[in-house]
Structures are given as structure tokens and as C-alpha cells.
Amino acid sequence: MKQMTSLERCLAVLNGEMPDTLPIVPQSFMYAVETAGMKIGQVNNNGKRMAQAHVISQEKYGYDGCVIDFDDASIAEAIGAKVIFREDEPATVNEDELVLKDLHDVYDLELPDPLKAGRLSEWLEATATLVNEIGDRVFIMGRADQGPFSIACLLRGTTRFMMDLLTEDKQLIADVLDYCRRASALFAKAQKDAGAHATSIGDALAGPNLISPGMYREFALEPEKKLIEEVQAYGIPFSLHICGNTNGIIEDMGTTGARIIEIDWQLDMEKARNIVSMSTILMGNIDPSYPLVLGTPQEIDTAVKQLICATKGRSHFLSSGCAMGRNTPPENFKAFIEAGRKYGSYEQLMKLNSTNP
């Protein structure tokens, strides 16, 4: 098969075609910053520095896609949340200072302008810079920070919002979530305008680590569906990431219409591939702790081989199963890339799919 560029092989998988080798799109923003000799505290207010870190890392290791991320706090900050900045770790919302002291306060909130509010423009600057520098050959996913349920938790305070779900009027809850959905949609569309090839959200606080699958279906699923439908109608593929053990909701996630679902390491990828439509790309899911940080190159080689065998490379972006740690040993990341090329080659994918219909 003719050799593809990184961008071409990612687009081939999105189009339902066989790539020359399985695309590798690691969630490596913290590792990229470390590779570039920076600290996350030096780049979380500077989109050009974040772009520079991704360029340095991608050129060093040769993977196929860059996932632009800064932290989980930026949309909430743009709405008015107070943020705690840290030198070595992503910024975080200070939930002791609430934006929504009462849920009814949502009716007084303006939607944040992605070009002006908080640090959202820095995310977009990172996207535009990366697209300009390497976007003709590398896949650029501009994350749109958090999903509706997670934004609501950050504005109200996670514990308080959990109580609200049990005690407050359901229409009021729906109005809060809809405001958060609209804020997320604005930022996701701005990522397309900045040139991203795909956009995404993390909605970790909607996952089973915090709420039950039943509560996910009651409160979080429909806002995600509406968000994804609106953004993809704008003309950009959408990716959904929910951290933790999502075995209980993976079928529901597959109904959102997202073109890509990012699979955490705690999920059985073979099960996910059997449940989720083949038209949906599964992105993941090597454990970013063990083996990527704590394992050996040989253990990483084995894990990647097993993962690719589980999906047979069908509609699959090889990735870490959540954000990679900044302390990932370089030799382990190199082994991850090399294993992806070895077991994800066109010849290997054809063998897997010729023996397993």
C-alpha cells in the first residue's frame, strides 16, 4: 500500500477505509510539555508555547495526531470560576468559590465568547498555530474542554450538584445543563473555525466513578447527544471522552452519535468494539500508568499487540487510555510508537481481518 501521511491515515479511518498503518493519536499534552523542557504552568496561559511543545514532541516521536488540551478548568473559568494554577500539574477549579451559589443564578449568566473569555483564546491560538505549522500532514484534535455535566459540577461545586440532582426541580437541572451545553458548543465550533480536524470534550464527572449509569442516562446523556449533533452539523468530527470504568455506559456512549469515543484504560476494548457501531472510531486504550509509566518496553509491546488484536484494527485510533503522565519514560513512549507501527501495519491488519470476519 502507498505510504500515507499521518493526517491521511487518520482521515482514512474516519472515512471507513483501511490505512497504511493504524493511526497513533496519544493523549500526550502533559508529556509534550515535558518533552519540550517546559512546565504546564508555563504554557497554560500561552497557546503558542503549547503548540511549540506539541510540534517538538510530535517531530521527535512521529505519532499521527496531537490532542490539544490544557486542563479541565478553562470553560468554567471563562464563565467566572476561580482557578488554582499549579507549576507541574494542570489548573483546577476552586470549588470553594461558587459561580452558581443557587441554581437559579444560571439565568443571569452570559455565554462565554471563546475569542475573548478567560483562556479559551489561548486554546484556539494553540490550534491555529499547530494547524499552520504541521496541520497539512498531522491530525489536529482541538479539545473543547469539558462536557455539559462536568461544567455544571464545576460551576455549582460537585458535591452540591450531586445533592441538587436529588432535591431540585428537574426542569431547573435541565436548564443548567442546557446552558453548559451551549457554552461547550460555542467552544467546540470555535475549534473548527481555528482549523482543527476534530474536536472533543471530556465529561469525566458524568462517568460511573461519580454517578450511576442510571443517573448518566437521566441527566448527562441527552445534553451530550444534543451537543454532538449540533457541533458535527457544523462540519467537524466530535470525540467523547469519559474517564473511569465506563463498561456500564459504553453502549449509551455509542448512541451519542460521536464519530470518535475515547476509551479509558479501565474499559474492555474488545467488549467496546463488539458493542459500539463500526462507524464510530474507538480511540485508546493503553493504561497511562502501567505499563506506560511503570512498565517495561517489552510489557508495552505486549499490551499494544493485545490491544490491536482485540479490535483487529477496525475503526481504531491507537492511544493512551487517558492523559499520559509527564513522567512517562521516553524509552516507554518510543516502545509504544514502535509497537503500534509493528502490530498496526497494513499487512498485520490484513492478517487479523482475513482470519477473523
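**Entry 1: two helices side by side.** I kept in mind that this is a predicted model. I began with the contact between H9 and H10: on the H9 side I found Lys170, Ile173, Leu177, Asp178, Arg181, Ser184, Ala185, Ala188 and Lys189. Their partners in H10 are Glu218, Phe219, Pro223, Lys226, Leu227, Glu230 and Val231. Sorted by class, this contact holds eight nonpolar, one polar and seven charged residues.

Next I looked up the axes. Those of H9 (residues 170-193) and H10 (residues 213-233) come within 9 Å and cross at roughly 30 degrees. Angles under 35 degrees count as roughly parallel, so H9 and H10 are roughly parallel to each other. I noted the crossing as right-handed.

I then listed the buried residues of H6: Leu120, Trp123, Leu124, Ala126, Thr127, Thr129, Leu130 and Ile134. Among the elements that cover them are H4, S1, H5, S4 and also H9, the helix from my first entry.

Entry 2: In strand S4 I stopped at Asp145. Its phi is near 60 degrees, a positive value in a residue other than glycine. Asp145 is buried, with a relative accessible area of 0%.

Lys312 is not a glycine either, and has a positive phi of about 55 degrees. I found Lys312 in the loop between H13 and S9.

Last, I noted a cis peptide bond from Gly284 to Asn285, with omega near -10 degrees. Asn285 lies in strand S8.

Technical notes. Residues numbered from 1 in each chain as written. Predicted model: local features only at pLDDT ≥ 70, side-chain atom pairs only at ≥ 80, totals over all residues. Heavy atoms only, no water. Axes fitted to C-alpha atoms, helices over the stretch in contact; angles between N-to-C directions. Helix = DSSP H or I, 4+ residues; strand = E, 2+ residues; numbered from the N terminus. Parallel < 35°, antiparallel > 145°, perpendicular 65-115°, else oblique. Left-handed = near helix turned anticlockwise from the far one by under 90°. Contact = heavy atoms within 4.5 Å. Nonpolar A, V, L, I, M, F, W, Y, C, P; charged D, E, K, R; others polar. Buried < 20%, exposed > 50% of the residue type's maximum accessible area, 1.4 Å probe, protein only.
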